Amino acid sequence: MAIELVTQYLPYVDELFTTESKKSLLTNQDLNWTGAHTVKVYKVTTASMTDYGRTGPASGNWSRYGTVQGLDATTEEFTLKKDRSFTFAIDKLDKDETGNQLAAASALARQVREVVIPEVDSYVYGVMAEGAGQKPTAAALTADNIYTEIIKANNALDNEEVPETGRVIVVTPDVYLLMKQCKDIVMETDIGNDLRLKGVISNLDGANVIKVPAKRLPSGFGFMVAHPVATVAPTKLEDYKTHQDPPGISGELVEGRICYDAFVLENKAKAIYYQAQPTNA
């Protein structure tokens with residue numbers, strides 16, 4: 001006797017694991033692209049110090065203050081390059097016959113969470129690593145040397161007069177494991193709830209530590225110590241729309257567009273220290 005067993009579909013979707021973006025801790029929104037696709041900022045030089053001529057101008061000078069110098073005012077140009085989009089349709093019957101699990105609102109949220117945010121994060125971290133003003137030779141990180149390498153990075157930022165408050169240490173989960181295994185590292189875990197909600201997991205040598213999945217970081221990423229003053233990461237447009245029964249479709253049409261970019265300011269590039277690890281070719 002044949003018995004057909006019942007197959008039941010539950011109102012549950014097996015979602016992928018995703019991580020919230022932490023790039024806001026590493027970047028700033030100091031420049032404004034409203035009404036423009038390109039912005040320019042000035043870089044102005046300074047005058048050198050000299051000895052004041054108390055008894056009169058030095059030979060060849062007319063001013064007791066020294067030689068009158070001119071100041072250079074050059075510009076940096078930042079043009080938005082990333083204008084990305086997506087679209088998909090959900091048929092009315094598909095929505096009905098999947099118990100409303102295939103619905104526009106949840107599908108759009110999933111698209112942003114699993115596709116858009118990881119793409120933007122990967123791009124921004126890549127720009128920062130590429131534009132870092134301090135990039136020592138790639139070195140293998142271990143539990144024995146990780147503390148030394150991190151304090152070397154902070155020391156390098158100190159020597160460049162980078163602000164001490166607001167620095168962030170970016171590590172992969174594997175490097176964070178090395179940090180926890182290092183006998184020299186005692187991380188401050190008494191972090192305020194507001195910072196925890198943003199992704200800060202601890203504090204080391206005065207800098208907040210955040211953990212980012214390796215797949216969102218450049219190949220061979222070791223760690224990065226950065227101050228948000230160095231990187232501008234604008235999102236000029238973020239537009240998501242759901243159309244009900246548009247011409248040619250019985251169901252819902254979802255469209256999304258995001259225009260974004262990231263730029264490392266030339267005069268502040270030294271505020272980023274990127275330590276890579278050797279990769280197997």
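Mentor: Start with two tyrosines. Tyr-123 is buried, and Tyr-260 is buried as well. Keep in mind that this is a predicted model.
Trainee: Okay. How do the rings of Tyr-123 and Tyr-260 sit, and what is the angle between the planes?
Mentor: They form an edge-to-face aromatic pair. The centres are 5.7 Å apart, and the planes make an angle of 80°. Over 60 degrees counts as edge-to-face.
Trainee: Which parts does that pair tie together?
Mentor: Tyr-123 lies in helix H2, residues 104-131. Tyr-260 lies in strand S10, residues 251-260. So the pair ties together parts that are 137 residues apart in sequence.
Trainee: How many aromatic pairs does the structure hold?
Mentor: It holds 8. Ring pairs also link Trp-33, Phe-78 and Phe-263 into a cluster.
Trainee: What about Phe-223 and Tyr-273, stacked or edge-to-face?
Mentor: Stacked, because their planes are at 10° and their ring centres are 6.3 Å apart. Phe-223 is in strand S7 and Tyr-273 is in strand S12, so this pair joins parts that are 50 residues apart in sequence.
Trainee: Are those two buried or exposed?
Mentor: Phe-223 is buried, with a relative accessible area of 0%. Tyr-273 is at 6% relative accessibility, so it counts as buried. The cut-off for buried is under 20%.
Trainee: New topic. How do S7 and S12 pair?
Mentor: In the antiparallel sense, over 5 bridges. S7 covers residues 221-226. Val-225 has Tyr-273 in S12 as its bridge partner.
Trainee: What holds paired strands together in general?
Mentor: Strands of a sheet pair through backbone hydrogen bonds, either parallel or antiparallel.
Trainee: And what is the strand order in this sheet?
Mentor: S5-S6-S4-S7-S12. It is an open sheet of 5 strands with mixed pairing.
Trainee: Which strands stand at the edges?
Mentor: S5 (200-204) and S12 (272-276). Each has a single partner strand, so one side of each has no neighbour in the sheet. Neighbouring strands are turned by 20° against each other on average, direction ignored.
Trainee: Last one. Where is Arg-216 found?
Mentor: In the loop between strand S6 (207-211) and S7. Arg-216 is buried, with a relative accessible area of 6%.
Trainee: Which side chain does Arg-216 make a polar contact with?
Mentor: The side chain of Asp-121, at 2.9 Å. Leaving aside neighbours within four places in sequence, Arg-216 has other contacts too, including Thr-19, Glu-20, Ile-117 and Tyr-125.

Technical notes: Residues are numbered from 1 along each chain as its sequence is written. This is a predicted model: local features need pLDDT of at least 70, side-chain atom pairs count only at pLDDT 80 or more; totals for chains, interfaces and linings use all residues. Side-chain values use heavy atoms; hydrogens and water are left out. Two strands pair if DSSP finds at least two bridges between them. Helices (H or I, at least four residues) and strands (E, at least two) are DSSP runs, numbered from the N terminus. Axes are lines fitted to C-alpha atoms, for helices over the stretch in contact, and angles run from 0 to 180 degrees between N-to-C directions. Rings of Phe, Tyr and Trp (its six-membered ring) pair if their centres lie within 6.5 Å; planes under 30 degrees apart count as stacked, over 60 as edge-to-face and the rest as tilted. Buried means under 20% relative accessible area, exposed over 50%, partly exposed in between (1.4 Å probe, protein chains only). A polar contact is a pair of N or O atoms within 3.5 Å; within protein, one must be able to donate a hydrogen and the other to accept it, and residues adjacent in sequence count only if both atoms are side-chain atoms. Contact means heavy atoms within 4.5 Å.
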